[in-house]
Protein chains: 2
Amino acid sequence: MSKRDLRKWKVRGERELLDASPFLKVSAQRIELPDGRIVENFYQLAMPDFASIFAETEDGRILLLRAYRHGARRVCLAAPGGHLSPGEAPLAAAKRELLEETGYEAAAWQPLGSFITNANHRCQTAHFFRASGCRRVAAADSGDLEEAEVVLMSRAQVIAAFKAGEFPFVSQVALFGLAFGAALAGSGA
Amino acid sequence: MSKRDLRKWKVRGERELLDASPFLKVSAQRIELPDGRIVENFYQLAMPDFASIFAETEDGRILLLRAYRHGARRVCLAAPGGHLSPGEAPLAAAKRELLEETGYEAAAWQPLGSFITNANHRCQTAHFFRASGCRRVAAADSGDLEEAEVVLMSRAQVIAAFKAGEFPFVSQVALFGLAFGAALAGSGA
């Protein structure tokens with residue numbers, strides 16, 4: 001098949017099915033495929049974008065949170081991060097979430113890329129960052145529903161915890177792939 | 001905070017908000033937090049689990065697909081993969097999708113881990129695999145809505161395409177993190 005066949009789909013209509021703002025919106029789009037076929041209901045989801053942070057302290061340890069996560073139905077580890085507030089830039093959200101969730105501030109920030117969470121339904125964009133030279137400036141106070149414990153680990157401990165299944169989410173695999181594998185960093189959606 | 005505070009949430013009720021089976025179901029759960037507070041509407045999404053495959057040919061090239069993906073609103077690259085059929089095991093789905101989408105079969109398969117796509121709303125589980133020694137045995141015939149072009153790339157070409165922004169999805173970052181970074185492989189949800 002030649003590349004000229006890879007044409008965009010056309011959105012011929014859209015109706016809202018569910019508005020649970022600010023958490024979730026669901027719509028059904030009427031799609032026209034390049035060959036003229038019509039797909040009556042192609043579902044699109046809109047959820048808040050989020051930031052996820054690979055944060056290293058001044059002495060080279062990685063900042064993590066241990067908390068119950070309802071998506072996994074268990075207590076597990078995750079990197080600091082959270083939803084962007086309306087109108088908030090990704091880096092500003094990352095800085096705010098790191099401070100709120102851990103009480104740490106970073107000396108330097110590096111974007112590791114922005115990526116869409118679902119290839120069909122879109123859902124949201126995840127913004128990944130590296131925060132270096134982090135030091136504690138306040139007490140953690142996230143305001144989240146989850147009670148969380150701040151955990152400091154060496155890279156070897158992070159990889160051991162990963163292999164033990166303590167990181168159950170795709171976004172965390174992506175973050176570690178970007179942070180550990182220098183070849184992947186700096187790209188995005 | 002001591003670890004004993006990290007207790008599970010209790011689901012006290014659930015009502016269905018949207019049934020767009022087999023693509024999507026949305027429900028609102030009534031949650032009791034460990035401190036006794038009630039969250040009236042915590043949204044849970046159910047979408048089909050999927051397999052994503054890092055497939056290498058006998059001569060060391062990586063099998064990819066170039067296609068329009070509506071989640072990104074553009075033509076881009078992605079690894080072979082797709083939804084599990086009802087009752088289908090992840091590895092069986094991976095083998096089926098690789099054959100349908102590319103016309104290739106693998107000499108060996110290795111699971112790279114299974115991970116949940118959303119920490120709050122759950123959404124679905126992604127199953128990652130490495131397929132080695134792939135050889136072409138048939139014509140590609142995915143039956144998908146997307147017209148797709150099978151592309152063979154060296155690892156260096158994949159990384160260059162990644163840096164150029166041709167892989168817009170979080171799941172692909174995770175797949176490459178698992179496939180390129182041996183330290184991460186073999187864990188999961």
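B:Thr117 sits in strand 9 of chain B, which covers residues 108-118, in a predicted model of two chains. Is this threonine buried or exposed? B:Thr117 is buried, since 25 other C-beta atoms lie within 10 Å. Apart from neighbours within four places in sequence, the contacts of B:Thr117 reach into both chains: A:Thr117 and A:Val170 on one side, and B:Cys123, B:Gln124 and B:Ala126 on the other. B:Val170 is 53 residues away from B:Thr117 in sequence, yet the two C-alpha atoms are 9.1 Å apart.

One of the contacts of B:Thr117, B:Cys123, belongs to strand 10 of chain B. Phi of B:Cys123 is near 70°, a positive value in a residue that is not glycine. B:Arg122, found in strand 10 (residues 122-136) of chain B, likewise has phi near 70°. Both residues count as buried: B:Arg122 has 20 C-beta neighbours inside 10 Å, and B:Cys123 has 24.

B:Val170 leads on to helix 3 of chain B, where it is one of the buried residues. Of the 11 residues in this helix, 10 are buried, so the helix is largely enclosed by the rest of the structure. The buried set runs through B:Val170, B:Ser171, B:Gln172, B:Val173, B:Ala174, B:Leu175, B:Phe176, B:Gly177, B:Leu178 and B:Ala179.

How many residues does each chain bring to the contact between them? Chain B supplies 61 residues and chain A supplies 61. On the side of chain B that touches chain A, helix 3 (residues 170-180) of chain B gives the largest share, with 8 residues. By class, that side of chain B holds 37 nonpolar, 14 polar and 10 charged residues.

The arrangement of the two copies can be described just as plainly. The same surface serves both of them, as 100% of the contact residues of chain B recur in chain A.

In soluble globular proteins, nonpolar side chains tend to be buried together. Here the largest nonpolar core has 82 residues, and A:Ala174 and B:Ala174 have the most contacts inside it. Beyond its neighbours within four places in sequence, A:Ala174 is in contact with A:Phe115 and A:Phe128, and also with B:Val170, B:Val173, B:Ala174 and B:Gly177. A second, separate core has 10 residues, among them A:Met47, B:Leu24, B:Met47 and B:Cys123.

Chain A as a whole contains 3 helices and 12 strands, and its C-alpha trace spans about 60 × 40 × 30 Å along the principal axes. Chain A is divided into domain 1 (7-46) and domain 2 (50-182), with the C-alpha centres of these domains 31 Å apart. Buried residues account for 41% of the 189 residues in chain A. Of the contacts in chain A between residues at least 6 apart in sequence, 63% join residues at least 24 apart.

A cis peptide bond, with omega about 0°, joins A:Ser21 and A:Pro22. A:Pro22 is in the loop between strand 1 (10-20) and strand 2 (24-32) of chain A. In chain B, a cis peptide bond joins B:Ser21 and B:Pro22.

As for confidence, the mean pLDDT of chain A is 92, with 93% of its residues at 70 or more. The model scores ipTM 0.93 and pTM 0.94.

Key:
Residues numbered from 1 in each chain as written. Chains lettered and ligands numbered in written order. Predicted model: local features only at pLDDT ≥ 70, side-chain atom pairs only at ≥ 80, totals over all residues. Least-squares fit on C-alpha atoms with pLDDT ≥ 70 in both. Contact = placed C-beta atoms within 7 Å. Helix = DSSP H or I, 4+ residues; strand = E, 2+ residues; numbered from the N terminus. Nonpolar A, V, L, I, M, F, W, Y, C, P; charged D, E, K, R; others polar. Core = buried A, V, L, I, M, F, W, Y, C linked by C-beta atoms within 7 Å. Buried ≥ 20, exposed ≤ 12 C-beta atoms within 10 Å, placed from the backbone. pLDDT = per-residue confidence, 0-100. Domains from an automatic or database assignment.
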